[in-house]
Amino acid sequence: MSSNKLESRFVPFSKATNIEKLDSHTYRANLDETYCIGAVPNGGYAGSCMLAAARAHLTSRNQPDTLTVHFEFPGRTAAGPTIITIDDVKLSRQLSTVHITLWQGDLLSHAPWITPSKSRRVVLAYATNINFTTSTGISMPTGYEGTPAATLPPLPDFEALKNTDKDMTWEEVKMPRAAAAVQRSLLNWKFYEPREGPLTPGVLDMWIRTASGEHITQGALAYVVDSFPFNLHTFLAAPEIRALLEGAQKEPADAKGEEMRERHKQRATMWFPTVVMNIEFKKLLPERGAEWLAVRVTAKQIKDGKFDLEVLVRDVEGEMVALSHHVAMIVSLDRNTGKKGSPKPAL
């Protein structure tokens, strides 16, 4: 498919995460190319497919809702068919924990569905499921709720953002055309950032909605916390570095400005693969989903090609929806699009 057609095509999230039950602990899914960064599907999107399988697996126990999940990404996924297997770790009345594996390569159309000596385990997860609607217990306000960090960013004029891409405080992030062809997954989102730069130094506050207009459902939250605008690095950087990056886009006056300009150009050739991702789901979104969510992203350190991310997701009322923590790397995009090595036996 040509890049132009791929860029303009939207596949509904419900369709892109559709799963087929093969047996009591095995499911089939197909990772869609419109959710890829380069040649690799977004990790949160792949994780959403896995959590859909966990939901199907545990619904019979009346535990359809994921409370926490830990993802590891030991391999590189690819668009196309996958097999998702589930191992029961602990099943109990209040909550249950399962181990989930996403397999690719040399898959079979019959049991055991994978080829043990050739199929690859590309994503691993431990998920704990509950039923949010029946959960009860002690609730109390915390000191955090009264701090500036807990303050919801200014509410936008949502209609203005939809009609004109901006209002007095917020504006849509426009991704460079050359980057859009590679960062296809980002085109599924509309990201709105503060027009005057970070509201807090080193913090990206944004409002998001889907580009297709469909509402964001509970099943999409793993994808939400792993989707960031192309210019994320300019918000996470220290104020003095951000100033240099902004100046580098104009006429640099010295060697430092030239260096920053070159680094800024290199962003299009870099890939930020997730190594580990943890998510805690704080509440259920409405069954029909939410049109808008507020997302806050921070990083404690970016060093030696590795960095952390903390992601806070809230609804328009300011209630916490999800918390997430990532460990990721900064590598050349060649690592994304290059040929995979020889498959190793599945242990």
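Where in the chain does Asp106 lie? Asp106 sits in the loop between β7 and β8, where helices (H or I, at least four residues) and strands (E, at least two) are DSSP runs numbered from the N terminus. This is a predicted model, in which local features need pLDDT of at least 70 and side-chain atom pairs count only at pLDDT 80 or more, while totals for chains, interfaces and linings use all residues. Residues are numbered from 1 along each chain as its sequence is written, and side-chain values use heavy atoms, with hydrogens and water left out.

Although Asp106 is not a glycine, its phi is positive, at about 55°, and with a relative accessible area of 40% Asp106 is partly exposed; here buried means under 20% relative accessible area, exposed means over 50%, and partly exposed lies in between, with a 1.4 Å probe and protein chains only. Trp113 lies in the loop between β7 and β8 as well, and Trp113, which is not a glycine either, has a positive phi of about 75°. Trp113, however, is buried, with a relative accessible area of 11%. Pro112 belongs to this loop too, which runs between β7 (96-104) and β8 (120-130), and the peptide bond leading from Ala111 to Pro112 is cis, with omega near 10°.

Turning to the chain as a whole, there are 10 helices and 18 strands, and buried residues make up 46% of the 347 residues. Among contacts (heavy atoms within 4.5 Å) between residues at least 6 apart in sequence, 70% join residues at least 24 apart.

The interior can be described through its nonpolar cores, each a set of buried Ala, Val, Leu, Ile, Met, Phe, Trp, Tyr and Cys residues joined through side-chain atoms within 4.5 Å. The largest core holds 68 residues, of which Phe71, Ile100 and Val297 touch the most other members. Helix α3 (residues 43-58) gives this core its largest share, eight residues. Once residues up to four places away in sequence are set aside, Ile100 touches Met50, Leu51, Ala54, Ile84, Thr85, Ile86, Val123, Leu124, Ala125 and Ala127.

Phe272 and Phe307, by contrast, form an edge-to-face pair, at 5.7 Å centre to centre and 75° between the planes. Because Phe272 lies in the loop between β12 (270-271) and β13 and Phe307 in strand β16 (residues 306-314), the pair ties together parts that are 35 residues apart in sequence. Phe272 is partly exposed at 25% relative accessibility, whereas Phe307 is buried at 8%. Further, Phe13, Tyr35, Tyr45, Trp189 and Tyr223 form one aromatic cluster.

Ser324 is found in strand β17 (residues 320-329) and counts as buried at 6% relative accessibility. A polar atom of the Ser324 side chain lies 2.9 Å from the backbone oxygen of Asn278. Leaving aside neighbours within four places in sequence, Ser324 is in contact with Val225, Met277, Asn278, Ile279, Leu309, Glu310 and Val311.

Finally, a search of the whole structure finds zero disulfides, a disulfide being a pair of cysteine sulfur atoms within 2.5 Å. As for individual cysteines, Cys36 is buried with a relative accessible area of 3%, and Cys49 is buried with a relative accessible area of 0%.

Notes
A polar contact is a pair of N or O atoms within 3.5 Å; within protein, one must be able to donate a hydrogen and the other to accept it, and residues adjacent in sequence count only if both atoms are side-chain atoms. Rings of Phe, Tyr and Trp (its six-membered ring) pair if their centres lie within 6.5 Å; planes under 30 degrees apart count as stacked, over 60 as edge-to-face and the rest as tilted.
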